[in-house]
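Please look over the model below before reading the points. They are meant as a short note for a colleague.

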10 protein chains.
Amino acid sequence: MLYHVAMTVNLPADMDPAVAAQIKAEEKAYSQALQKEGVWRHIWRVSGLYENVSIFDCRDHEHLHEVLMGLPLYPYMDISVTPLNRHPSSIHPGDQ
Amino acid sequence: MLYHVAMTVNLPADMDPAVAAQIKAEEKAYSQALQKEGVWRHIWRVSGLYENVSIFDCRDHEHLHEVLMGLPLYPYMDISVTPLNRHPSSIHPGDQ
Amino acid sequence: MLYHVAMTVNLPADMDPAVAAQIKAEEKAYSQALQKEGVWRHIWRVSGLYENVSIFDCRDHEHLHEVLMGLPLYPYMDISVTPLNRHPSSIHPGDQ
Amino acid sequence: MLYHVAMTVNLPADMDPAVAAQIKAEEKAYSQALQKEGVWRHIWRVSGLYENVSIFDCRDHEHLHEVLMGLPLYPYMDISVTPLNRHPSSIHPGDQ
Amino acid sequence: MLYHVAMTVNLPADMDPAVAAQIKAEEKAYSQALQKEGVWRHIWRVSGLYENVSIFDCRDHEHLHEVLMGLPLYPYMDISVTPLNRHPSSIHPGDQ
Amino acid sequence: MLYHVAMTVNLPADMDPAVAAQIKAEEKAYSQALQKEGVWRHIWRVSGLYENVSIFDCRDHEHLHEVLMGLPLYPYMDISVTPLNRHPSSIHPGDQ
Amino acid sequence: MLYHVAMTVNLPADMDPAVAAQIKAEEKAYSQALQKEGVWRHIWRVSGLYENVSIFDCRDHEHLHEVLMGLPLYPYMDISVTPLNRHPSSIHPGDQ
Amino acid sequence: MLYHVAMTVNLPADMDPAVAAQIKAEEKAYSQALQKEGVWRHIWRVSGLYENVSIFDCRDHEHLHEVLMGLPLYPYMDISVTPLNRHPSSIHPGDQ
Amino acid sequence: MLYHVAMTVNLPADMDPAVAAQIKAEEKAYSQALQKEGVWRHIWRVSGLYENVSIFDCRDHEHLHEVLMGLPLYPYMDISVTPLNRHPSSIHPGDQ
Amino acid sequence: MLYHVAMTVNLPADMDPAVAAQIKAEEKAYSQALQKEGVWRHIWRVSGLYENVSIFDCRDHEHLHEVLMGLPLYPYMDISVTPLNRHPSSIHPGDQ
């Protein structure tokens, strides 16, 4: 099932750059592993902002919750979650 | 280039059902043609609402503008447009 | 899977009372059938307002979408949908 | 009487993990005791967020107030309270 | 139990003045009857606006709901309901 | 003249409990003195929140301003002020 | 006593121009009479919008309420009212 | 030319009182000098809040900008600026 | 002096197309005349929406007000006005 | 392609003035270099606020993203991005 998730990252401006770099690296590895599994189906950067729009394909709400709670950057994020359906006009079989 | 477009449709409750059905059919045909061209890359229905989230792949802003202004349902829509970049963590080559 | 759905009904003040009564009766029958199936798990009235808060237990997003789109009062509603998980503190086995 | 309570928890990102774990454990014990009493009737996790939606069954507003003010996580919470009625369409005798 | 209720009245500008006057007269009678019962404990006009702030003393949420749903002006109102407790600093015995 | 004042208190979560208790005690004494004078006519606690709704009866705006600025908790408060009139439907002579 | 009142006028786009002109003329006459009395102390147009910002000097809230309710354009207005004090830095004796 | 400027001051609650008093004194002197010049035409205190509403009469936007940027309290302020015109109903020659 | 003006056009969906076309033609002629005068310095279309962002160069607020009030589409517009200064970093002499 | 970017700068009030001056100088140099390239086409100061409105002319979203992420003041900014089209009424050839 698909979930539209918008994430805004608010790292404190005075955070130790090394700490920030470390968390970002962990976030990237975490995200790419899930992308390979097909769970994190899409991730796009919102132009000009430290925000992303992602599409997750999860078994159910619990699965989504685990995935998002596991994000290394989670404590610094504002997140909104919107469940998505297959659109009746969609021609993409896989876009359910 | 990718654009995230959220569309909310507000058809008047007292609209003639036949007129509504006609416009929706035109909208579906219009959308599917653009999907085949690869312009309308994704369209998902927001669960429970008469809203969709779409990803458009357009040459530039003008192209996006033409596409959206041509929507048969446009006069009944609230629309928000957000430009998207390829995310540095994305493993999907085509997701730029 | 559980979905928290808040519904606000805005019937036009000048609607024919008979028409309004008819739609409300259809809505009640529709709701009670789904409650018997266990799909519409809870429905509460927000005190003082023509709003309800409901908990739906659906197979997936598509199922929820069908259920909500079938509401006779749907054209007159503002709806918000929030996916719910079982809470780690919950002692209610059935509250997943 | 039923109250719909939405709680968002904002723990400081730099809080000592041990302190955070301690408060969360107290919160869980506090919640489960009230659930056993039937006061905290439902608690669900909002998927992907550190938020819950709960339904409380209290004698009156004072009782609700005591219960919420006693939450160990209270100082870190944004809370909204909405009184609920039994819905005329509800088939659940206990859902008043 | 006390409820703070804010009511904004939006009568259509083109409403027949006689109809408007009739509804307002019914509203006044309805309100004054409830005030005599002690249910509608306070009603104040918000200076400069067609809004009132009221304090209701009701047995429970159901009672409040009946009272508000019975307002002749209800179809033209935006309403917000906030449950109130006795304040620990209050010296007014009756202000629970 | 009556003023509706809504006050939300945001004490820092890491404030020294003794300091917090001290300010709260001063606030209570300050409020009760004004209640005895009839200036602070009503104070109610918003159920479940560290907020109150109060009705002040002041000579004029300056008087209200002095009263609110003198609140020991003022630096930690979000405040909104709404002037109130006697309502034409009110049967309470004193509720002007 | 001074009140800051912001007024936004929303005349229906399809209103009979003659009716609109008539109401505006009545509004102007009404306003200028109050200005001569010193009640309507200031009226400024918000540049580019059909809005004004006004400062009223009224005996009390009731007086303000009468004045605003008497505005011919009242049914087409969104209004916000803010009580004002003399500012401790003001050098204008009359600006209380 | 006139500008309506609303200023909200948010001094940190834990600011050294002597520092706060110093900045406020500088702000008062700064304001009164501009009032004597006729630039700061009006300043009123919003009743009950640490906010003011002011009317500035400046040569142009640059002049306004200099004036506001020079406010000693500027770093602690939320400011909104609205250009004002002479109102066609105004009888005050000087209120352009 | 420069003003940033954002305009959203909300033509009724059931407006006679001929009437709409006529007003749009008048709007275009009106705008182009002002552009030639250098008053309407920039006009851009917001991609995907019936909105524009414009930069006006006017003598003063009155001039801006006349210009905007003269817009044929004005009755169908939501408008926001923001005064602009020359930016200290700007290298464009004419961008004051 | 053009992008409308609004930037609000929120420097901590207790920032070391020398550090602030340094970052501002870097920001100015960064901006002026991009202005010379024609990428940062316009930059205006919002009168009275530490905000600017800018028009960027970028190859594509990625280019815009690089430019904005490179802003020395970026960590202290709230930013909104709006893609712009050439307006059909524009007489300025270069304003696409």
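1. Basis. This is a predicted model, in which local features need pLDDT of at least 70 and side-chain atom pairs count only at pLDDT 80 or more, while totals for chains, interfaces and linings use all residues. Residues are numbered from 1 along each chain as its sequence is written, chains are lettered from A and ligands numbered from 1 in the order in which they are written, and side-chain values use heavy atoms, with hydrogens and water left out.

2. Extent of the contact. Chain J brings 10 residues and chain A brings 7 residues to the contact (heavy atoms within 4.5 Å). About 640 Å² is buried between chain J and chain A, and carbon and sulfur atoms give 63% of that area. Buried area here is the accessible area (1.4 Å probe) lost by two parts on being put together, summed over both. Of the area that chain J buries against chain A, 47% comes from J:His65, J:Tyr74 and J:Ile79, more than from any other three residues.

3. Make-up of the chain J side. Helix 2 (61-69) and strand 4 (77-86) of chain J each supply at least two residues of the side that touches chain A. Helix 2 of chain J gives the most, with 5 residues. Helices (H or I, at least four residues) and strands (E, at least two) are DSSP runs, numbered from the N terminus. The residues on this side of chain J are 8 nonpolar, 2 polar and no charged (nonpolar: Ala, Val, Leu, Ile, Met, Phe, Trp, Tyr, Cys and Pro; charged: Asp, Glu, Lys and Arg; polar: the others, Gly among them).

4. Salt bridges. How many salt bridges does the rule find across the interface of chain J and chain A? The count is 0, with a salt bridge taken as a side-chain nitrogen of Lys or Arg within 4 Å of a carboxyl oxygen of Asp or Glu.

5. Aromatic pairs. Over all chains the structure holds 10 aromatic pairs (ring centres of Phe, Tyr and Trp, the last by its six-membered ring, within 6.5 Å; planes under 30 degrees apart are stacked, over 60 edge-to-face, the rest tilted). One of them is C:Trp40 with C:Phe56, tilted, at 4.6 Å centre to centre and 40° between the planes. C:Trp40 lies in strand 2 (residues 40-46) and C:Phe56 in strand 3 (residues 51-57) of chain C, so the pair ties together parts 16 residues apart in sequence.

6. Burial. C:Trp40 is buried at a relative accessible area of 1%, and C:Phe56 is buried at 0% (buried: under 20% relative accessible area; exposed: over 50%; partly exposed in between; 1.4 Å probe, protein chains only).
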